[in-house]
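User: I would like to go through the assignments in this model and see what each one rests on.

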Amino acid sequence: MRDIDIYGHVHNSRYLDYCEDAVVEFLRQRQILSHFRHTSSGVAYHVKKAEITFHRPIDLDDVVEAKVDVEKIGRTSLSFAIELFRQRDGANCASAHFVWVCVGLSDSRPTPIPETTRAALSPG
């Protein structure tokens, strides 16, 4: 199985999938996922950077819980901080940072994040 290494740990590349799923779920729970669908928002978001620091392994049968925070809202980019935890013992297994860039649909060039999206992501 490609997703598990010889020690029974989840392969490091899968952590990116977990983090991306966590960000999508974060947006869904805040009921703002439509702000990130190009068909409803008029813009798209591309991953500019994905960085992961591995702390502890996730094993084959582990359930993973994630914590997602909006780290920064720039003019054309968003930064997310993601933490992955093993449910069985609460151990922090990885810390990740994603940077998404808002781009225009016609040219894929950076464009300002719409004000409605900015407001929906802002605390409070």
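User: Which residues does tryptophan 100 touch, not counting residues up to four places away in sequence?

Analyst: The model is predicted. In it, tryptophan 100 touches Val23, Leu27, Phe36, Tyr45, His46, Val47, Lys48, Thr76, Ser77, Leu78 and Phe80. Trp100 is also among the members of the largest nonpolar core that touch the most other members, together with Val23, Leu27, Phe36, Tyr45, Phe80 and Ile82. That core has 28 residues, and helix 1, strand 1, strand 3 and strand 4 each give two or more residues to it.

User: Why is threonine 76 called buried?

Analyst: Its relative accessible area is 16%. Buried means under 20%, so threonine 76 qualifies. Threonine 76 sits in the loop between strand 2 and strand 3. Leaving aside neighbours within four places in sequence, its contacts are Trp100, Val101, Cys102, Pro110, Thr111, Pro112 and Ile113.

User: What puts the buried residues of helix 1 on the same side?

Analyst: The buried residues are Tyr15, Cys19, Ala22, Val23, Phe26 and Leu27. They cover an arc of only 135 degrees around the axis, so they lie on the same side of helix 1. These residues pack against strand 1, strand 2, strand 3, strand 4 and helix 3.

User: How do you know that cysteine 93 is in no disulfide?

Analyst: The structure holds zero disulfides. For cysteine 93, the nearest cysteine sulfur is that of cysteine 19, 11 Å away. Cysteine 93 is buried, with a relative accessible area of 0%.

User: What makes aspartate 62 and arginine 88 a salt bridge?

Analyst: Their closest N and O atoms are 2.6 Å apart. The cut-off is 4 Å, so the pair meets it. The pair links distant parts of the chain, with aspartate 62 in the loop between strand 1 and strand 2 and arginine 88 in the loop between strand 3 and strand 4, 26 residues apart. Aspartate 62 is buried at 16%, whereas arginine 88 is exposed at 52% relative accessibility. Both belong to a network of salt bridges that links Asp59, Asp62, Arg86, Arg88 and Asp89.

User: Why does aspartate 17 count as partly exposed?

Analyst: Its relative accessibility is 32%. Aspartate 17 forms a salt bridge with arginine 14, with the closest N and O atoms 2.5 Å apart. Both lie in helix 1, three residues apart, about one turn of the helix.

Terms used:
Residues are numbered from 1 along each chain as its sequence is written. This is a predicted model: local features need pLDDT of at least 70, side-chain atom pairs count only at pLDDT 80 or more; totals for chains, interfaces and linings use all residues. Side-chain values use heavy atoms; hydrogens and water are left out. Buried means under 20% relative accessible area, exposed over 50%, partly exposed in between (1.4 Å probe, protein chains only). Helices (H or I, at least four residues) and strands (E, at least two) are DSSP runs, numbered from the N terminus. The arc is that of the directions from the helix axis to the C-beta atoms. Contact means heavy atoms within 4.5 Å. A disulfide is a pair of cysteine sulfur atoms within 2.5 Å. A nonpolar core is a set of buried Ala, Val, Leu, Ile, Met, Phe, Trp, Tyr and Cys residues joined through side-chain atoms within 4.5 Å. A salt bridge is a side-chain nitrogen of Lys or Arg within 4 Å of a carboxyl oxygen of Asp or Glu.
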